[in-house]
Amino acid sequence: MARRKPKLLPGIRIEQIGAKAKGVGRAPDGRVVFVPYTAPGDLVDVQVRKKRKAYYEGTVAVLKEASPLRVPPVCEHYGICGGCQLQHVSYETQLQAKEQTVLDALRRLGGLSWKKQMPILASPRVHAYRNKMEYAFTASRWLTAEEINSDTSFDRRGLGFHVPGHWDKILDIHHCHLQPEPGNRIRNRLRDWSKENGIPFYHPRERTGLLRQLTVRTTRTGEIMLIVHFFQDDRPAVEKVMRFLENEFPEITSLQYVINPKPNDTIYDLPVQLWSGRDHIIERVGDLRFRIKPKSFFQTNSWQVENMYDRIRAYAGIRKDDLVYDLYSGTGSITLYLARDARRVIGIETLPQAVDDARYNARLNEIENTDFVQGDAKDLFTGELIHAYGRPDVLVVDPPREGLHKDVTAQILRLLPRRVVYVSCNPATQARDLALMKNFYDISLIHPVDMFPQTHHVENIAVLDRKA
Ligand SMILES: C[S@@+](CC[C@H](N)C(=O)[O-])C[C@H]1O[C@@H](n2cnc3c(N)ncnc32)[C@H](O)[C@@H]1O
């Protein structure tokens with residue numbers, strides 16, 4: 001039986017950039033059309049990839065008229081790599097689109113209103129802001145259409161990013177504009193040297209090879225952590241690679257490696273070995289210092305995080321005698337940032353390693369009025385803990401993308417802290433949670449924040465005040 005040709009929607013005018021940075025238009029049958037990598041004003045023929053009751057999702061088949069808002073993407077890998085979704089419009093347009101996404105989510109999904117909205121907080125850096133990058137080695141890199149159609153045979157070894165939707169395909173990266181130097185320099189040099197020296201690259205399907213992943217972490221203070229992930233413990237080859245990196249890049253302050261023979265890439269359950277330097281790097285935020293170990297979480301945009309924390313601190317409006325809870329506290333950065341204003345701040349976090357870091361960071365900064373409790377917020381933010389520490393005057397929550405667990409929301413509504421500062425990286429779940437609280441709290445202020453220029457991600461701070 002002949003396969004049905006995918007449907008083409010001709011002449012769709014893109015009206016705005018919506019959630020996940022997808023352009024939004026309307027089809028003649030009334031359905032909404034979502035098209036990534038488009039700009040408001042574009043006229044496009046759309047190749048439909050998905051059809052649902054209320055919408056289509058598709059890709060650009062032909063760009064018939066280009067929007068005046070378009071700018072040339074800075075990156076040669078843009079559109080294939082998948083890491084950035086908004087390079088084709090100016091930063092100003094990116095900010096407007098992200099702000100609109102937040103407002104739409106809160107209004108449409110949550111039916112919410114607020115007293116004041118601050119304009120989206122722009123990032124001081126729009127490129128070279130990511131302090132952590134993870135690259136994958138491959139013995140079978142992704143080939144471009146031109147490469148496939150040419151008669152030449154290619155070296156398939158590469159080091160770069162997973163192509164979206166293809167777990168085993170990796171795009172060889174020559175330059176990533178989101179990472180500050182020397183990230184690009186180290187990645188490219190290691191790849192070239194490894195090729196020249198015949199060090200085998202990992203083959204994800206065949207599960208062969210040696211070099212598997214590379215993690216580069218940098219700080220504003222100039223420290224550099226490099227973690228090489230090897231598939232096997234081939235001592236002579238591992239030592240050869242590590243010796244090369246140590247000699248070639250004396251600026252690396254923490255050089256580490258890990259042997260990962262597992263089917264998955266995660267190293268959280270594996271020991272990381274120190275090769276040279278220190279086993280951590282130190283980042284500064286405001287006047288605080290934070291230790292970052294190989295498995296520690298840290299906010300990815302060090303240039304913007306201080307601005308965001310300053311706002312959180314100002315909006316929290318903490319009084320000297322206040323007891324504050326910081327739910328989903330990670331490595332304790334917000335907890336410690338707020339500690340100087342409060343009587344005591346209690347951080348609750350599920351990851352044991354993050355809690356260790358938080359306690360260490362408290363000592364490092366000589367802060368004595370914080371406590372960190374490890375476990376699930378829904379189990380811990382309950383009667384027993386409240387009995388031990390007291391009821392919160394002010395509450396800060398910074399949950400993962402799924403938002404607050406319903407038991408956490410219910411507990412907030414039982415305890416009714418004077419003020420809640422809700423920091424979110426997902427406006428949709430934030431809208432859902434705020435809607436559940438709207439009979440008890442007024443939204444005094446919202447402040448979207450751009451932590452991730454060039455990408456669709458957006459953060460939002462919402463400040464809630466208990467109703468009189
Ligand atoms: C968005 S991060 C916030 C980190 C921190 N506030 C910061 O600014 O660095 C969310 C944190 O919530 C933690 N987490 C996820 N689920 C959790 C849960 N059910 N209970 C407590 N913490 C959780 C994650 O491990 C992560 O550290």
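How many helices and strands does the secondary structure of the chain come to? In this predicted model, it comes to 11 helices and 23 strands, where helices (H or I, at least four residues) and strands (E, at least two) are DSSP runs numbered from the N terminus.

**Figure 1. The whole chain, seen as a C-alpha trace.** The radius of gyration of the chain, taken over C-alpha atoms, is 24 Å, close to the 23 Å that the globule rule gives for 468 residues, so the chain is as compact as a globular protein of that length; the rule itself is 2.2 Å times the number of residues to the power 0.38. Along its principal axes the trace spans about 75 × 65 × 40 Å. Of the 468 residues, 55% count as buried, a term that means under 20% relative accessible area, with exposed meaning over 50% and partly exposed lying in between (1.4 Å probe, protein chains only). Among contacts (heavy atoms within 4.5 Å) between residues at least 6 apart in sequence, 63% join residues at least 24 apart. Residues are numbered from 1 along each chain as its sequence is written, and side-chain values use heavy atoms, with hydrogens and water left out. Local features need pLDDT of at least 70 and side-chain atom pairs count only at pLDDT 80 or more, whereas totals for chains, interfaces and linings use all residues.

Figure 2. Helix H1 covers residues 91–109, and its 19 residues should span 27 Å at 1.5 Å a residue, which agrees with the 26 Å between its end C-alpha atoms; the expected span is 1.5 Å times one less than the number of residues. H1 is followed by Gly111, whose phi is positive, near 60°. In the loop between strand E6 (55–65) and H1 lies Ser67, which counts as buried at 4% relative accessibility. Not counting residues up to four places away in sequence, Ser67 touches Ala39, Pro40, Gly41 and Asp42. Ser67 and Leu43 are 24 residues apart in sequence, and their C-alpha atoms are 7.7 Å apart in space.

**Figure 3. Helix H5 and the elements packed against it.** The 15 residues of helix H5 (residues 302–316) should span 21 Å at 1.5 Å a residue, and the end C-alpha atoms are 21 Å apart, which agrees. Buried residues of H5 include Trp303, Met308, Tyr309, Ile312 and Tyr315. The buried residues of this helix pack against helix H6 (333–339) and against strands E15 (281–285), E20 (394–397), E21 (419–424), E22 (441–449) and E23 (459–466).

Figure 4. Most residues other than glycine have a negative phi, and most peptide bonds are trans. Tyr37, in the loop between strand E4 (32–35) and strand E5 (43–51), has a positive phi of about 60° although it is not a glycine, and at 26% relative accessibility Tyr37 counts as partly exposed. Leu416, in the loop between helix H10 (406–415) and E21, likewise is not a glycine and has a positive phi of about 45°; Leu416 counts as partly exposed at 24% relative accessibility. The peptide bond from Glu181 to Pro182 is cis, with omega near 10°, and Pro182 lies in the loop between strand E10 (170–172) and helix H3 (183–196).

**Figure 5. The loop residue Asp234.** Asp234 is placed in the loop between strand E12 (224–230) and helix H4 (235–248), and is partly exposed, with a relative accessible area of 36%. Asp234 and Ile259 are 25 residues apart in sequence and 9.4 Å apart in space, C-alpha to C-alpha.
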